[in-house]
Amino acid sequence: MRRVGRREGIVCGILGIWGRSEVAADLMLGLTTLQHRGQDAAGALTFDGAFHVKIGRGLVSRVFEDRHLERLRGTWGLGHVRYATMGSTDVEDAQPVHVNYPYGLAMVHNGNVVNFAELRERLYTEHHRLVDTSNDVALILYAFAAELERRDLRSLTVDDLFSCVDATQRAIHGAYAVICLIAGRGLLAFSDPHGIRPLALGVRETPAGPEYALASETTCLDYLGFRLEGDVSAGEAVFIDAGGAVHRHRGLRQKPAFCVFEYIYFAREDSVLRGRVVAAERERMGRALADAVRRAGLRPDVVIDVPASGFLFAASLAEALGVPFRRGLAKNHHIGRSFILPTDEERQRMVRLKLNPIRGILEGRRVAVVDDSIVRGTTSRRLVELLRSAGAKEVYVVSAAPPVVSPCVYGIDMSTTGEIIAANRTVDDVCRMIGADAVVYQELSILRALYGDLPCCDACFSGEYPTGVDRDALEGIRREKEDAGR
Ligand code: AMP
């Protein structure tokens, strides 16, 4: 079988709306509220007896024009924003995807399938389905469609649908939150057995009856006027049928392991994930950092954030230390992402273009600069230089996340072990490499204590992968990243 190049699945933003009137305008608005989860491509699909699709590269505001809204007719719809990764330039594997057989099925997904190659091979040998895309969601869609095909389609029941979800969950390993529009039948959503990626269900009352939305983050539900009903929890499936009845199914459930990096970096601060407001979690983490700073014997004169993702951590750290919090770095918000640039030089240059030190705040001071995380160390290294050049007497780099030591195989774009600065290195090594006077990390044990009653996936900090990941899989990811970089 031909080997197709594959770009790993990545964290994205997804949205599904089961409405009673035209849905396109809400889909567009909803996608803009998820824009922080992906700026590389956006797509929407609606259903009014036929599928209507519009997918394009770039921001939501750039992809959709008024004429697309008119064309995207229907009361049910799906939307997707895709996060950029190195080497992604096409819309070919953007979402939503759809097939017309055995049912009209359309799908969006967020996450990463770990056993992609094996599953693709199986779909071909067992079901004669040739999945010649590099796209995770196409694979999930085909796996689900292959299960549907085995059922009696004329008398398909809700239980049949749920048993297809169970079988799909058994076949696919990895992290996934999926929303599937089944033509004429309804909207189906399901999560991987560990519930690694977020997905929330909301309801909105209208004179015609309730409407439903499923979204990666509750901020989207808020803007669209949907009340949060609850999460699609680990392994759970939710089906909203054509009459508007909501069916829930426990599905294949294993030990929950929600992605802790959503709280640290990815999600927006106003979202509620697994019952917890992201902003409050970041403040808790920030306060917990105060002990680490004290233990390191550091007495900063001022605490500053790396805008904008370091803000909540920095403000609460400063409060807990009793040290002033100031804006020491100005950010140009209209410049692209440095994180995904291919070379270290380009990334360093981009950090400089993005951030500018504010002189009066820094001169002669011992500055604690707080970022959400240190991955390759590119940002921190450049920042230390910048802060020194603006007169800082000493620079302490504080990371709200523990040392990143292992790549994420569940969709957070995080580089390979070779690039990760803290992999196989001590904190002192990291400090030397980025040229700081001190580096302080959140301790993993403290982070875990903060999450005591909410089991999280912290594989990037611990190397403990909830689905189990063997060396071959990690090596495969390294190769895929290299291929993508070429
Ligand atoms: P690095 O420069 O490689 O150490 O990256 C760390 C910086 O990138 C921090 O400022 C984070 O806010 C940001 N960051 C961390 N993880 C990601 C990610 N997956 N995608 C984009 N930015 C990230």
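Biologist: Between which two elements is the loop that holds Asn 424?

Modeller: This is a predicted model, in which local features need pLDDT of at least 70, side-chain atom pairs count only at pLDDT 80 or more, and totals for chains, interfaces and linings use all residues. Residues are numbered from 1 along each chain as its sequence is written, and side-chain values use heavy atoms, with hydrogens and water left out. Helices (H or I, at least four residues) and strands (E, at least two) are DSSP runs numbered from the N terminus. On that basis, the loop with Asn 424 runs between strand E22 (394-399) and helix H14 (427-434).

Biologist: Is Asn 424 buried or exposed?

Modeller: Buried means under 20% relative accessible area, exposed over 50%, and partly exposed in between (1.4 Å probe, protein chains only). Phi of Asn 424 is near 60°, a positive value in a residue other than glycine. With a relative accessible area of 77%, Asn 424 is exposed.

Biologist: Arg 274 also has a positive phi. Is Arg 274 buried or exposed?

Modeller: Arg 274 is not a glycine, yet its phi is about 50°. Its place is the loop between strand E15 (272-273) and strand E16 (276-277). Because its relative accessible area is 17%, Arg 274 is buried.

Biologist: What residue does a cis peptide bond join to Pro 102?

Modeller: Pro 102 is in the loop between E5 and strand E6 (105-113). The cis bond has an omega of about 0°, and the partner of Pro 102 is Tyr 101.

Biologist: And what residue is joined to Pro 96 by a cis peptide bond?

Modeller: Pro 96 sits in the loop between strand E4 (76-82) and strand E5 (97-99). Omega is again about 0°, and the residue joined to Pro 96 is Gln 95.

Biologist: How many residues does domain 2 give to the contact with domain 1?

Modeller: The chain is divided into domain 1 (13-257) and domain 2 (277-453), with bounds from an automatic or database domain assignment. Their centres, taken over C-alpha atoms, are separated by 35 Å. Contact (heavy atoms within 4.5 Å) takes 13 residues from domain 1, and from domain 2 it takes nine residues.

Biologist: How much of the accessible area of the ligand does the protein cover?

Modeller: The shell has 17 residues, the closest being Tyr 83, Asp 371, Asp 372, Gly 377 and Thr 379; a residue is near a molecule or strand if one of its heavy atoms lies within 4 Å of it. A ligand oxygen is 2.5 Å from an N or O atom in the side chain of Thr 379, and a ligand nitrogen lies 2.8 Å from a backbone N or O atom of Asp 413. Accessible areas come from the Shrake-Rupley method with a 1.4 Å probe, and for residues only the protein chains shown count as cover. Of the 500 Å² that the ligand has on its own, the protein covers 94%.

Biologist: What distance separates the C-alpha atoms of Ser 373 and Ser 309?

Modeller: Ser 309 has an N or O atom in its side chain 3.3 Å from an oxygen atom of the ligand. Ser 373 lies in the loop between strand E21 (366-371) and H13. The two serines are 64 residues apart in sequence, while from C-alpha to C-alpha they are apart by 9.1 Å.

Biologist: Which residue has a side chain in polar contact with that of Ser 373?

Modeller: At 11% relative accessibility, Ser 373 counts as buried. Leaving out residues up to four places away in sequence, Ser 373 touches Phe 261, Ser 399 and Ala 401. A polar contact is a pair of N or O atoms within 3.5 Å; within protein, one must be able to donate a hydrogen and the other to accept it, and residues adjacent in sequence count only if both atoms are side-chain atoms. At 2.8 Å, the side-chain partner of Ser 373 is Asp 372.
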